Amino acid sequence: MKKAFVRSYGCQMNAYDAARMADVLGQEGYAATDSVEEADIVVLNTCHIREKAAEKVYSELGRLRVLKGERKLAGQDTRIVVAGCVAQAEGSEILARAPAVDVVVGPQSYHRLPELLARSRETRVVDTEFPVEDKFDHLPARRNKGVSAFLTVQEGCDKFCAFCVVPYTRGAEVSRSVAAVTAEAAKLAEAGVREITLIGQNVNAYHGEGLDGGSAGLADLTRAVAAIPGIGRIRYTTSHPNDMGEDLIRAHAEIPALMPYLHLPVQSGSDRVLQAMNRKHTGEQYRRLIERIRAARPDIALSSDFIVGFPGETEAEFEDTMRLVADIGFQSAFSFKYSPRPGTPAADREDAVPESVKSERLAALQALLDRQRHAYQNAAVGSLTEVLVEKVGRHPGQVAGKTPHLLAVQFEAPASSIGRFVAVRIVEAGANSLFGEAVPRAEAA
Ligand code: SAH
Ligand code: SF4
Ligand code: F3S
């Protein structure tokens, strides 16, 4: 049997797309493999968000060129596909820079992979169109499912933050219909999926066609997915503060399956920087929003994204970010040094922050965020929680899963508990995971 190696370099949507490309290749008779050496097709699903992510692809392609040459000497053909956001942004430049590449395909046209691969026998192929047909209508059924699954409900972005490539690589905001999303979710549930994360670049801007033909928001969609038998947990990501409507906040109080965890990127705590970033809200507005969310769901765990060293960011403005973090308290967060991206408005600015200053600020911010993460984990020790078991644990006899607040937990239980909700007492906090003990149901009640 022929084999395909598909690797994701980006966000959750990039990982979802990678899984769907594996489905497409599966339908064409390619078995999935984790070993690039034995692959007849190699797909790199690339990310363009920061320079480092984009450059990683070219070093990988250098290695693949050697591998392709070796396999050729052994009489084996290797097709190399560059997909994802670098493919969309750079198109045929990739062919010029990386001679081993056979196909370049953007995030909106990967359902055409079989046709593109066939054409690549004659000539190298680039498809970075935003086709009129909907890729979701042309993708085969999902294969690789597990206990928790991502489900794309919205794609693209109309916000144009000054630093960000996503509106260019993913295109304008598009939402799938409630019927399409619930059909995919129901199939996942039948196959044993218990937790679904609804994903979108701006997932809370979701506005799809509702079951009644009207317009549905993310709160409506969440209710529809929560009604599917077997789905015990729902999460969504990534949200924008300006799309956090009253109905969605209320959904956190009203829908038991909607988990008490929210990733809500703020990027900066400085009003001037936020304005320069085109985020269209102030630090104060973000704080008020968090208050309203906490009033609806007091135990909600918060997470965020931060950029340090945006052009022109002063020391005092960075301190505003530190203060916002200290005041709000995050369970986890991602933080990055600003990376100028070609084609974005901020890339043309001449007031760049020196690399050494960016590094210092990032280290200070990450130290604060790490302290908050550890404090959150330590505070969980002694609590009784419910774990959705996802897989076997690192040690024999153990399984691993997540709490409603998205904390990873390991505990002793048979592998047959995978896919079940188990009451667990947290007994210890490790560096990246909690350790617990299963509690008999009667005792937990
Ligand atoms: N749609 C989401 C974020 C998508 S990108 C939102 O609006 O928040 C994920 C994160 O990458 C962003 O939140 C931002 O923190 C970071 N990011 C995006 N562009 C970046 C850049 N040019 N340099 C550094 N970090 C960046
Ligand atoms: Fe990028 Fe801003 Fe859109 Fe998020 S909201 S994807 S950061 S442009
Ligand atoms: Fe990267 Fe594209 Fe996602 S740029 S973060 S893979 S939307």
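Author: A pocket here is an open set of points on a 1 Å grid over the protein atoms alone, where a 1.4 Å probe fits and protein lies on both sides within 12 Å along at least five of seven lines; lining residues have an atom within 4 Å of a point. The model is predicted: local features need pLDDT of at least 70, side-chain atom pairs pLDDT 80 or more, while totals for linings use all residues. Residues are numbered from 1 along each chain, and ligands from 1 in the order written.

Reader: Which helix gives the most to the lining of the second largest pocket?

Author: That pocket has 30 lining residues, with Asp-134, Lys-135, Phe-136, Asp-137 and Arg-176 nearest its centre. Strands S8 (154-155) and S9 (174-175) and helix H7 (178-190) each supply at least two (DSSP runs, at least four residues for helices, two for strands). Five residues come from the top contributor, H7.

Reader: How many residues in that lining are charged?

Author: Asp, Glu, Lys and Arg count as charged; Ala, Val, Leu, Ile, Met, Phe, Trp, Tyr, Cys and Pro as nonpolar; the others as polar. The lining has 13 nonpolar and five polar residues, and the charged ones number 12.

Reader: Are H11 and H12 roughly parallel or antiparallel?

Author: Their axes, lines fitted to C-alpha atoms over the stretch in contact, come within 12 Å and cross at roughly 10°. Angles under 35 degrees count as roughly parallel, over 145 as roughly antiparallel. H11 and H12 are therefore roughly parallel.

Reader: How many nonpolar residues are in the shell around ligand 2?

Author: Residues with a heavy atom within 4 Å count as near, and they include Cys-157, Phe-160, His-240 and Arg-279. Two are polar, two charged, and the nonpolar ones number seven.

How values were computed. Side-chain values use heavy atoms; hydrogens and water are left out. Axes are lines fitted to C-alpha atoms, for helices over the stretch in contact, and angles run from 0 to 180 degrees between N-to-C directions. Angles under 35 degrees count as roughly parallel, over 145 as roughly antiparallel, 65 to 115 as roughly perpendicular and the rest as oblique.
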